[in-house]
Amino acid sequence: MRIGLYPGTFDPVTNGHLDIIGRAVKLVDRLVIGVAQNDDKGPLFSTAERVEMIKAEVARFNADIEVRPFSSLLMHFAEELDANVIIRGLRAVADFEYEFQMTAMNQRLNSDIETVFLMADPRHQAIASRLVKEIARLDGRIDSFVSPAVAASVLAKVKKG
């Protein structure tokens, strides 16, 4: 069984993330979406909220998908899952430089787990969770970047302050 791990902060999950998920499920028998508990980034949503948000969003896919939080080293989490593949999405050259370094380090930690890069669909290349939050905070429209449910959650959080 080929198990893929798609890790990220997903704060919030965007249409770009969902595009990568939809394509990743075609490559693996089971996809685990690892929601990083990265409080250093000052997330808008708690880890539990992000997990639930992603679960709701991936319900549309007819695939074996599990959503789990993690706070350990990525490779330790991948080993715990018996993952064969780590899925990463790339939007631009800047993403590649960072991902190239991470992949090299991960390869040194466990050479049995491959990293697969999926290029973002051109319609989604500019979408970044950070920018979605900034646009929402400045009263801009985010409905073309996230699903209606996610947009409502982001706007509710932003209005709370």
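Student: Over how many bridges do β1 and β4 pair?

Tutor: Keep in mind that we're looking at a predicted model. Here β1 and β4 run side by side in the parallel sense, and leucine 5 stands opposite isoleucine 86 in β4. As for the bridges in the β1 and β4 pairing, the count is two.

Student: Which strands stand at the edges of the sheet?

Tutor: Start with the order of this open five-stranded sheet, which is β3-β2-β1-β4-β5, with parallel pairing. An edge strand has a single partner, so one of its sides is left without a neighbour in the sheet.

Student: What angle does the direction of α1 make with that of β5?

Tutor: First, α1 packs on the sheet, where it touches β1, β2 (30–36), β3, β4 and β5. Comparing the direction of α1 with that of β5 gives about 125 degrees.

Student: Is phenylalanine 10 buried or exposed?

Tutor: Find phenylalanine 10 in the loop between β1 and α1; its phi is positive, about 55 degrees, although it is not a glycine. Its relative accessible area is 4%. Buried means under 20%, so phenylalanine 10 counts as buried.

Student: And aspartate 82, buried or exposed?

Tutor: Aspartate 82 sits in the loop between α3 (74–81) and β4 (85–90), and its phi is positive too, near 60 degrees. Its relative accessible area is 58%. The cut-off for exposed is over 50%, so aspartate 82 is exposed.

Definitions and conventions
Residues are numbered from 1 along each chain as its sequence is written. This is a predicted model: local features need pLDDT of at least 70, side-chain atom pairs count only at pLDDT 80 or more; totals for chains, interfaces and linings use all residues. Side-chain values use heavy atoms; hydrogens and water are left out. Helices (H or I, at least four residues) and strands (E, at least two) are DSSP runs, numbered from the N terminus. Buried means under 20% relative accessible area, exposed over 50%, partly exposed in between (1.4 Å probe, protein chains only). Two strands pair if DSSP finds at least two bridges between them. Contact means heavy atoms within 4.5 Å. Axes are lines fitted to C-alpha atoms, for helices over the stretch in contact, and angles run from 0 to 180 degrees between N-to-C directions.
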